[in-house]
Amino acid sequence: MDDKRNDRRDAELDRYFALARQAPPDISGIERNFETRVMARIREIREPWYAWAWRLAPIFLALTILLAGWSLSYSPLHPADPVTMLASGTQEIALLDHLTGE
Amino acid sequence: MAVPDEDAVLVRSAIGGDDEAFTELVRRHKGTVLRSASRFARNPEELEDLGQETFLRVYRDLRSFRGDAPFGHWLSRITVRVCYDALRKRRREEKDVSLEVLAAPVADPSTGNGPSAQLARMILDQAMSRLKPEDRLVITLFELEDRSVREVAVLTGWSETRVKVRAFRARQALKRHIGGDDGR
């Protein structure tokens, strides 16, 4: 009785294996550009600064934009350079500064 | 299928620092590695990880490739080792897996009746997840990849006797799990 049950289960298991062999897993999605991703991982391990440089790039870009915006919007009340002062029509201030020794 | 001699040339170039040569090796063998690893992965993310880990180890150990056997054989051994390590790491997580799906009936594939091939795979995956890592490795290579005892022994580095014993135990355990009398 047990032998028969064992044989039946053996056959059942073999059918499962046969069916599973018929269904090879679909790897097409992962195969696409797989080598590019592997090489990126290798580069990350070999040159850690390379990965960090890419991760920090957006921060540097944002900082650059902020600095550029700030420098464009900045206009000092009293330009320090006397030539600039004369050119921008602030001769009186320049003269006063010169006379008072400031 | 890649020509072994060309592989050897690519390996030598890759050892010399030629990234393009290593990329070509990955391109040539990724299908074989991913197909083999897919028998052990639970989802596409895990398959990606197994594939990448395999090629990272290949890259790291490239200098130890002696070239007295085809590159593909060496690569298969690394793939099996990576998958085995993953099975061992995952062992604890899968102890409480549900086996309700194992109640599904199975039919003769020649008649076309019964569960689909995908369902059979799912049922087997669930049952196999309860095996010991070494039993699962052997039964997968043996039954799903249709490899001989000798091939499995070479791939795992175990003796043929050990492989046979593992395969027998794995089959017995699978029959118990699928038959539903696993003592749970």
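The legends below describe close-up views of a predicted model.

**Figure 1. Overview of chain A.** In this predicted model, chain A contains six helices and zero strands. Along the sequence, the elements run α-α-α-α-α-α. Chain A has 102 residues, of which 9% count as buried.

**Figure 2. Contact between chain A and chain B.** The contact involves 34 residues of chain B and 26 residues of chain A. On the side of chain B that touches chain A, two or more residues come from each of α2 (19-38), α3 (44-60), α5 (117-128), α6 (133-144) and α8 (160-179) of chain B. Among these elements, α2(B) gives the most, with nine residues. Sorted by class, this side of chain B has 16 nonpolar residues, seven polar residues and 11 charged residues.

**Figure 3. Contact between the two domains of chain B.** Chain B is divided into domain 1, residues 1-92, and domain 2, residues 106-184. Domain 1 of chain B brings 11 residues to the contact, and domain 2 of chain B brings eight residues. On the side of domain 1 that touches domain 2, helix α4 (residues 71-90) of chain B gives the most, with seven residues. The residues on this side of domain 1 of chain B comprise five nonpolar, two polar and four charged.

**Figure 4. Backbone at Asn33(A).** Asn33(A) lies in the loop between α2 (28-31) and α3 (34-46) of chain A. Most residues other than glycine have a negative phi. Phi of Asn33(A), however, is near 55 degrees, a positive value in a residue other than glycine. Asn33(A) counts as exposed because it has 9 C-beta neighbours inside 10 Å, and the cut-off for an exposed residue is 12 or fewer.

**Figure 5. Backbone at Asp146(B).** The view shows the loop between α6 and α7 (149-156) of chain B, where Asp146(B) is found. Phi of Asp146(B) is positive, near 60 degrees, in a residue other than glycine. Because Asp146(B) has 10 C-beta neighbours inside 10 Å, this residue counts as exposed.

Conventions. Residues numbered from 1 in each chain as written. Chains lettered and ligands numbered in written order. Predicted model: local features only at pLDDT ≥ 70, side-chain atom pairs only at ≥ 80, totals over all residues. Contact = placed C-beta atoms within 7 Å. Helix = DSSP H or I, 4+ residues; strand = E, 2+ residues; numbered from the N terminus. Nonpolar A, V, L, I, M, F, W, Y, C, P; charged D, E, K, R; others polar. Buried ≥ 20, exposed ≤ 12 C-beta atoms within 10 Å, placed from the backbone. Domains from an automatic or database assignment.
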